[in-house]
There are 2 protein chains.
Amino acid sequence: MYRTHTCGELRISDVDKKVTLAGWVQRTRKMGGMTFVDLRDRYGISQLVFNEEDNVALCEQANKLGREFVIQVKGVVKERFNKNENLSTGDIEIIVSELTVLSVSATPPFTIEDNTDGGDDIRMKYRYLDLRRSCVRANLELRHRMVVEVRNYLDKQGFMEIETPILIGSTPEGARDFVVPSRMNPGTFYALPQSPQTLKQLLMVAGVDRYFQIAKCFRDEDLRADRQPEFTQIDCEMSFVDQDDIIETFEGMAKHLFKVIRNVDFEKPFIRMPWIEAMKRFGSDKPDMRFEMEFVELMDVMKGYGFGVFDEANYIGGICAEGAATYTRKQLDALTDFVKRPQIGAKGMVYARVQEDGSVKSSVDKFYSQEVLLSMKDKFGAKPGDLILILSGSDAMKTRKQLCELRLKVADELGLRDKNKFSLLWVIDFPLFEWSEEEQRLMATHHPFTAPNPEDIPMLDEHPEKVRALAYDMVCNGIEVGGGSVRIHDSKLQDKMFDVLGFTEERAQAQFGFLMNAFKYGAPPHAGLAYGLDRWVSIMAGLDSIRDCIAFPKNNSGRDVMLDAPAPLEQCQLDELNLLLKKEE
Amino acid sequence: MYRTHTCGELRISDVDKKVTLAGWVQRTRKMGGMTFVDLRDRYGISQLVFNEEDNVALCEQANKLGREFVIQVKGVVKERFNKNENLSTGDIEIIVSELTVLSVSATPPFTIEDNTDGGDDIRMKYRYLDLRRSCVRANLELRHRMVVEVRNYLDKQGFMEIETPILIGSTPEGARDFVVPSRMNPGTFYALPQSPQTLKQLLMVAGVDRYFQIAKCFRDEDLRADRQPEFTQIDCEMSFVDQDDIIETFEGMAKHLFKVIRNVDFEKPFIRMPWIEAMKRFGSDKPDMRFEMEFVELMDVMKGYGFGVFDEANYIGGICAEGAATYTRKQLDALTDFVKRPQIGAKGMVYARVQEDGSVKSSVDKFYSQEVLLSMKDKFGAKPGDLILILSGSDAMKTRKQLCELRLKVADELGLRDKNKFSLLWVIDFPLFEWSEEEQRLMATHHPFTAPNPEDIPMLDEHPEKVRALAYDMVCNGIEVGGGSVRIHDSKLQDKMFDVLGFTEERAQAQFGFLMNAFKYGAPPHAGLAYGLDRWVSIMAGLDSIRDCIAFPKNNSGRDVMLDAPAPLEQCQLDELNLLLKKEE
């Protein structure tokens with residue numbers, strides 16, 4: 001051992017002990033004949049003191065230390081004259097009698113401080129230096145702690161962690177697979193799993209009963225901001241359970257995690273909100289319920305008064321922003337611009353302020369009498385000083401989604417999205433299918449193994465779009481942290497699903513044959529759920545990006561700029577794999 | 001929930017309870033008017049009873065149940081008349097009043113019994129059925145338990161588990177990489193990690209201090225028996241430590257695991273045996289020390305008596321098999337054939353029996369006087385009834401390895417390799433370099449970041465082959481379960497290593513530039529170790545093959561026969577990746 005104690009360990013009770021410390025030089029200060037060095041390691045910072053009067057040569061040596069040098073010192077612990085309350089070791093300092101430089105350091109390209117001067121790109125290139133910053137390391141520590149808690153919680157509940165393979169077969173449904181050429185079997189490829197979905201279902205067929213895995217997943221998708229080509233799931237599956245069992249089990253786990261990680265207690269059961277209700281009240285299948293501002297539908301109040309936009313609309317709805325009547329014209333114009341951006345796509349926005357005297361002043365006063373506006377106000381339960389914002393459109397669902405964006409934007413501006421407040425709920429009763437504009441066909445909302453709600457099975461043929469799934473998402477602060485479903489365990493029902501999804505028997509067999517075959521040998525009823533670990537850690541840590549809780553993340557082009565990967569192969573590697581690169585055209 | 005209890009849960013204290021069970025039909029027996037069904041789940045087997053007198057229809061339904069049907073039953077717990085001591089639930093049975101078939105099953109292709117009639121290939125194809133066998137499931141349970149214990153042990157020691165990426169860069173040194181074409185960056189490839197070696201060293205530079213990860217690793221090697229293209233390591237690294245610290249930490253973990261998993265206590269510290277001693281005493285860098293049969297060198301005793309084979313040899317050595325003088329001529333011939341197989345390559349074997357009267361009868365009596373043979377016997381400390389087996393050769397190390405094979409073979413035959421006995425040791429002081437016949441150059445025995453023993457650094461230029469590494473392996477029962485080294489943290493020493501290994505500066509920079517750059521910014525002294533998890537679980541479980549403790553293993557051609565992977569891609573997938581397959585020539 002190069003040390004007797006870490007840099008975060010010594011206290012006033014250690015005074016007069018002889019100690020050896022090792023770590024990085026955070027900074028040095030020369031004050032008169034004294035040199036002070038802040039020595040840093042993972043556990044904290046300790047102050048070292050070199051005194052010219054005691055040892056000139058040693059003090060000179062200390063004066064030559066640069067930032068981020070790795071050193072080892074021996075010395076005696078003394079009480080500090082000027083105590084530092086911000087440091088756990090702030091009551092003491094070490095009077096150094098021996099100094100060894102273990103490694104020198106070039107000047108780092110940015111400062112190793114919480115408030116660094118380094119931009120994103122340079123910090124990613126030198127991620128090993130970025131990780132020295134305590135604010136970044138804290139995220140990894142929180143991630144570690146969460147993962148320990150998850151594992152022990154599930155272990156106590158009888159779940160077995162089972163590693164499923166990373167080199168599997170390609171199933172070109174859903175997102176794009178990353179593939180791996182096989183040298184031993186020329187012309188063939190493995191694929192990396194998008195999730196262990198089918199493998200965990202096989203484990204249920206195998207009688208594992210309760211499975212989990214903290215599993216690496218891979219999707220070769222065009223990267224959007226804050227999406228990683230490889231990410232981590234807490235992947236779970238249970239046999240002989242129904243939807244309520246899953247919800248109770250994983251609600252218990254969520255409450256446990258919030259308690260141990262953030263000391264937050266949830267006393268009540270989480271709300272279970274049907275998907276259609278979530279859409280109607282919040283325009284989202286992952287409503288942020290840290291604040292209210294629920295949608296109010298206004299078709300019966302606002303339609304038919306000669307305002308063409310509303311008169312032609314199939315949906316009119318709004319939100320009431322409490323106390324926001326002070327919004328200036330400029331702020332309101334900015335909101336209008338926001339909803340009119342192509343990503344959102346609204347045609348415009350109507351607003352109305354509730355005045356001090358209770359009357360309503362709106363942007364459409366010339367179409368509506370005060371009487372109509374007052375009855376609108378009453379529908380919101382709005383008070384003087386409130387601001388009402390209204391959108392309309394021909395497609396109710398699309399307009400609701402636009403209104404959702406507006407709601408979140410306004411909530412951001414009003415400071416209602418507090419990172420230290422947590423609001424969780426379950427969204428249930430998702431539609432089993434959704435229409436894909438791109439593919440011009442029905443697609444499984446989750447995946448083709450999701451069980452329909454038994455009540456709705458009779459509608460599978462005539463009105464598949466109306467069939468509800470036994471699927472559920474756990475939502476935290478407007479973010480889906482996890483989701484899953486009851487699975488189909490009946491081969492005949494599974495065949496029916498493939499049929500509705502337009503799979504030929506051959507294609508179903510080619511892609512999912514191994515699973516369908518397995519189901520012929522006694523599949524138990526089963527259901528499961530997967531959490532996005534990166535996302536969940538980032539919520540717990542109060543981070544904006546999942547990148548900040550990943551040790552070595554990739555950038556938005558899928559590159560690891562530190563490792564400089566991906567990169568061209570050597571020709572001999574391509575030859576061995578029997579591959580040619582297509583010439584660029 | 002489909003059940004109130006599992007099939008392994010009910011006891012005599014539950015008599016008269018109304019219960020609901022669910023599981024698989026293990027077997028049905030009709031005896032007179034009664035039908036008995038063994039219902040199985042992960043937790044055990046419970047006996048169900050259907051009585052014709054009580055309910056004819058229900059009993060008929062039960063008689064139609066096939067093996068592996070999934071059923072749910074309601075009934076009342078009763079004390080059994082004929083108790084079954086082999087079952088934890090053997091005191092009770094359930095008198096069934098309600099039966100629901102949840103899934104039917106086709107006849108499984110092999111019996112779901114510990115003693116199955118299924119061969120290896122069919123069990124791998126239907127692995128989900130193979131896993132239903134309790135002997136196979138027990139391996140996965142043991143693996144889960146070991147991993148839980150490892151994680152909690154390391155967590156308590158302050159280690160942080162950090163996920164390192166799976167999509168990294170290719171470093172064509174060591175084994176072959178599996179690669180992943182990048183669609184977003186055409187013409188470039190990611191590689192899958194052979195181990196997180198360089199990434200964990202970066203984490204030490206990052207100040208993580210104590211890291212571990214249960215990490216998937218990938219090697220595209222020609223598969224030998226019992227080698228998997230993907231395997232799992234318990235990967236660990238510590239900063240500010242030396243070799244003794246690592247050995248103490250991980251010896252503690254090994255002892256803890258053996259205690260909790262197998263209830264084995266190791267009272268003494270593990271032996272730390274220098275590599276050269278292990279080679280001389282056992283002909284192996286992973287000696288099996290469950291039994292003795294140490295090598296005895298005989299050059300001074302046997303050379304120079306006119307027996308050409310020995311007279312020309314540079315090494316003569318043997319082992320003494322206690323009580324094996326009863327070996328017949330046929331058995332001895334078989335041993336001779338064994339050592340002469342090309343994989344071993346000995347030219348022949350000399351044997352000598354110690355007779356009841358203490359005299360020696362050998363296969364080379366015509367060259368040696370009884371006096372010489374007796375002094376040979378004394379060197380072994382052999383007793384009447386013992387069998388001495390001797391090999392010789394021109395290359396001492398090669399001959400020792402042959403003698404090692406013979407020692408293990410004889411020990412197998414004598415039943416000395418007891419799977420329930422565990423003998424652990426550390427092999428230390430490995431040579432830093434080894435000569436590669438294939439590449440005709442010095443290669444790093446472990447990897448190029450291994451630190452030389454400081455005492456031997458002066459020999460790096462003139463006698464690199466004599467330089468010992470600060471490297472160590474943990475060996476259990478003749479198998480390397482883990483190994484590691486102190487790493488070089490000094491850039492200059494690292495440059496020297498690359499120089500000795502024949503790397504040009506450019507090549508070193510191209511392959512390990514990111515690590516060498518990182519080391520410029522203050523690398524702490526660090527050291528680490530990695531365990532092969534699959535191997536270690538298989539030892540703990542008393543298995544012959546690592547395959548048996550992997551949920552979905554690949555076969556010896558690297559194929560997953562259940563998933564039928566790897567497989568050809570669809571043309572559009574190849575196009576998107578900008579790849580062409582080379583036509584077969």
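Reader: Where is B:P566 found in chain B?

Author: In this predicted model, B:P566 sits in the loop between α15 (533–540) and α16 (571–576) of chain B.

Reader: What should I look at in the peptide bond from B:A565 to B:P566?

Author: Start with the general idea: most peptide bonds are trans. The bond from B:A565 to B:P566 is cis, with omega near 0 degrees. Now turn to chain A, where a cis peptide bond joins A:A565 and A:P566, with omega of about 0 degrees. A:P566 lies in the loop between α15 (533–540) and α16 (571–577) of chain A.

Reader: Which residues have a positive phi although they are not glycine?

Author: The general idea again comes before the cases. Most residues other than glycine have a negative phi. Two cases to look up in chain B are B:D16, with phi near 80 degrees, and B:Q440, with a positive phi of about 55 degrees. B:D16 belongs to the segment before β1 (18–31) of chain B, while B:Q440 is in the loop between β18 (433–436) and β19 (441–444).

Reader: Is B:D16 buried or exposed?

Author: B:D16 has 51% relative accessibility, so it counts as exposed, since the cut-off for exposed is over 50%.

Reader: How do I read a buried residue, such as B:E251?

Author: Begin with the cut-off: buried means under 20% relative accessible area. B:E251 has 7% relative accessibility and therefore counts as buried. Its place is in helix α6 (residues 243–262) of chain B. Next, see what B:E251 is in contact with: leaving aside neighbours within four places in sequence, these are B:P269, B:F270, B:W426 and B:M474.

Reader: What does A:F270 touch in chain A?

Author: Not counting residues up to four places away in sequence, A:F270 touches A:E251, A:A254, A:K255, A:L424, A:L425, A:W426 and A:M474. A:F270 is found in the loop between α6 (243–262) and β11 (271–274) of chain A, and it is buried, with a relative accessible area of 5%. For a sense of scale, the C-alpha atoms of A:F270 and A:V70 are separated by 50 Å, and these residues are 200 apart along the chain.

Reader: How many helices and strands does chain A have?

Author: Chain A has 16 helices and 23 strands. Its C-alpha trace spans about 90 × 75 × 55 Å along its principal axes. Of the 585 residues in chain A, buried residues make up 59%. Sequence distance is worth a look too: among contacts between residues at least 6 apart in sequence, 65% join residues at least 24 apart.

Reader: What rotation superposes chain A on chain B?

Author: In general, two copies of a chain are related by a rotation about an axis and a shift along it. Here the rotation is 180 degrees and the shift along the axis is 0.0 Å, with an RMSD of 0.1 Å. That is the relation of a two-fold axis.

Reader: And how do I read the place where chain A and chain B meet?

Author: Count the residues, then look at area and pairs. The contact takes 123 residues from chain A and 123 residues from chain B. Since 100% of the interface residues of chain A are also interface residues in chain B, the copies meet through the same surface. About 10800 Å² is buried between the chains, and carbon and sulfur atoms give 61% of that area. The rule finds 72 residue pairs in polar contact across the interface and 17 salt bridges. A:D155, for instance, forms a salt bridge with B:R145, with the closest N and O atoms 2.8 Å apart. Helix α4 (residues 134–156) of chain A gives the most to the side of chain A that touches chain B, with ten residues.

Methods:
Residues numbered from 1 in each chain as written. Chains lettered and ligands numbered in written order. Predicted model: local features only at pLDDT ≥ 70, side-chain atom pairs only at ≥ 80, totals over all residues. Heavy atoms only, no water. Least-squares fit on C-alpha atoms with pLDDT ≥ 70 in both. Contact = heavy atoms within 4.5 Å. Buried area = accessible area lost by both parts, 1.4 Å probe. Salt bridge = Lys/Arg side-chain N within 4 Å of Asp/Glu carboxyl O. Polar contact = N/O pair within 3.5 Å; in protein donor to acceptor, adjacent residues only side chain to side chain. Helix = DSSP H or I, 4+ residues; strand = E, 2+ residues; numbered from the N terminus. Buried < 20%, exposed > 50% of the residue type's maximum accessible area, 1.4 Å probe, protein only.
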